[in-house]
Amino acid sequence: MRSFSKSSKLENVLYDVRGPVVEEANRLEEEGRHILKLNIGNPAPFGFSAPEEVIRDMMQNVRNSQGYSDSRGIFAARKAIMQYCQIKNIPNVTLDGIYTGNGVSELINMAMQALLDNGDEILIPSPDYPLWTACATLAGGNPVHYICDEQSEWNPDIEDIKKKITYKTKAIVIINPNNPTGALYPAEILEQIVQIAREHELMIFSDEIYDRLVMDGLEHTSIASLAPDLFCVTFSGLSKSHMVAGFRVGWMVLSGSKNKGRDYIEGLNMLSNMRLCSNVPAQSIIQTALWGYQSVKEYIQPGGRIYEQREYIYNALKDIPGISVVKPKAAFYIFPKLDVEKFNILSDEQFAYDFLREKQVLIVHGGGFNWKEPDHFRIVYLPDQRTLKSAAGKLAGFLENYHQK
């Protein structure tokens with residue numbers, strides 16, 4: 001009798017943000033348990049709403065958004081993105097080098113499919129947002145992970161990057177601000193990455209979806225602004241900064257020395273045309289969202305929800321015996337470290353299962369972000385402080401007697 005197996009292309013693909021531990025959480029919910037979900041950066045369930053004028057724009061444009069748009073996106077949306085790039089000092093951006101997408105996720109997949117042949121190598125950070133590794137793998141490429149250094153506030157380890165470049169390396173990915181660590185890369189680190197890319201003639205892919213969620217008075221620098229002579233692809237969108245994850249509004253921008261990527265751009269255009277276009281009603285809000293009132297600023301200032309929740313969870317975690325943690329500067333994630341000797345942790349995934357089953361709190365283990373040691377996990381700090389206090393208390397109580405078997 002014939003059976004149908006999954007593609008072998010999926011053998012080295014993981015997406016544990018919605019993986020096996022989440023499936024166990026769903027099973028427990030079906031049994032009637034209440035699960036506190038700290039595993040996914042989805043603002044809406046935690047009481048965050050989009051600005052009213054963004055919602056009104058969507059509603060008013062629905063009737064006029066019933067047909068396909070240009071495969072790259074509507075003019076007004078791409079024009080607004082181009083102007084945003086000018087503010088970010090990203091050089092040589094034109095309308096035909098801007099692609100809207102159904103979230104950044106779709107565009108990452110498209111970018112990898114257009115670039116990678118079987119065996120090509122691409123440098124991706126560890127820890128990473130796992131979609132990058134998954135999409136590179138599915139495209140036939142070989143993801144090579146460079147280390148981000150916890151002792152240096154999770155900045156990329158420049159020497160490790162240099163060691164991992166070979167003749168097969170085509171590009172380097174950076175995620176800045178970073179998910180899962182909340183790191184914000186300083187300009188001097190970005191300049192060193194640019195220099196490496198220049199010396200080895202690499203493309204730069206920069207995931208900047210959290211660039212408007214930066215705290216403590218710090219400024220985000222787009223790496224493309226430092227690399228006018230290189231071919232760069234920058235990704236961003238509205239899912240996080242405007243609390244509209246379900247609308248699926250993302251974009252990617254080609255900049256710098258685009259003549260180096262003419263054939264690649266042909267591939268992008270082919271893939272863009274094949275999917276016809278991104279969500280047209282969602283495109284209609286981009287202009288207002290980027291240039292209207294920026295409500296997210298209220299959240300990331302002292303007294304604002306994201307800022308205060310960051311402060312609370314950081315202080316609560318560092319006070320738990322056996323946990324150390326670097327304070328995030330951006331986004332809404334924190335990536336604590338466990339004392340593996342104290343807790344005898346051999347599997348971070350087992351830790352996540354055990355915590356879920358005993359305390360009904362769902363987190364993502366570090367291995368889900370292609371971190372090789374079993375000593376980290378990610379918490380999303382979008383819930384209000386009362387909920388975070390409950391989660392931190394459950395974690396502290398769980399670890400008091402935890403010893404992995």
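This is a predicted model: local features need pLDDT of at least 70, side-chain atom pairs count only at pLDDT 80 or more; totals for chains, interfaces and linings use all residues.
Trainee: What is the strand order in the open sheet?
Mentor: The open sheet has eight strands, arranged in the order β2-β9-β8-β7-β6-β3-β4-β5, and the pairing is mixed.

Trainee: And which strands are the edge ones?
Mentor: The edge strands are β2, covering 98–102, and β5, covering 155–156, each of which pairs on one side only.

Trainee: How do β2 and β9 pair, and over how many bridges?
Mentor: β2 pairs with β9, residues 249–256, in the antiparallel sense, and five bridges link the two. Within that pairing, Ile98 stands opposite Val253, while Thr100 has Trp251 as its bridge partner.

Trainee: Which helix packs on the sheet and touches β2?
Mentor: That is helix α8, residues 262–274, which also touches β7, β8 and β9, and whose direction makes about 40° with that of β2.

Trainee: Changing topic, where does Lys88 sit?
Mentor: Lys88 lies in the loop between α3, residues 75–87, and β2.

Trainee: Is Lys88 buried or exposed?
Mentor: Lys88 counts as buried because its relative accessible area is 15%, and the cut-off for buried is under 20%.

Trainee: What does Lys88 contact, leaving aside its neighbours within four places in sequence?
Mentor: With those neighbours left aside, Lys88 is in contact with Asp211, His220, Ser222 and Ser225. With His220 there is also a polar contact between the side chains, at 2.8 Å.

Conventions:
Residues are numbered from 1 along each chain as its sequence is written. Side-chain values use heavy atoms; hydrogens and water are left out. Two strands pair if DSSP finds at least two bridges between them. Helices (H or I, at least four residues) and strands (E, at least two) are DSSP runs, numbered from the N terminus. Contact means heavy atoms within 4.5 Å. Axes are lines fitted to C-alpha atoms, for helices over the stretch in contact, and angles run from 0 to 180 degrees between N-to-C directions. Buried means under 20% relative accessible area, exposed over 50%, partly exposed in between (1.4 Å probe, protein chains only). A polar contact is a pair of N or O atoms within 3.5 Å; within protein, one must be able to donate a hydrogen and the other to accept it, and residues adjacent in sequence count only if both atoms are side-chain atoms.
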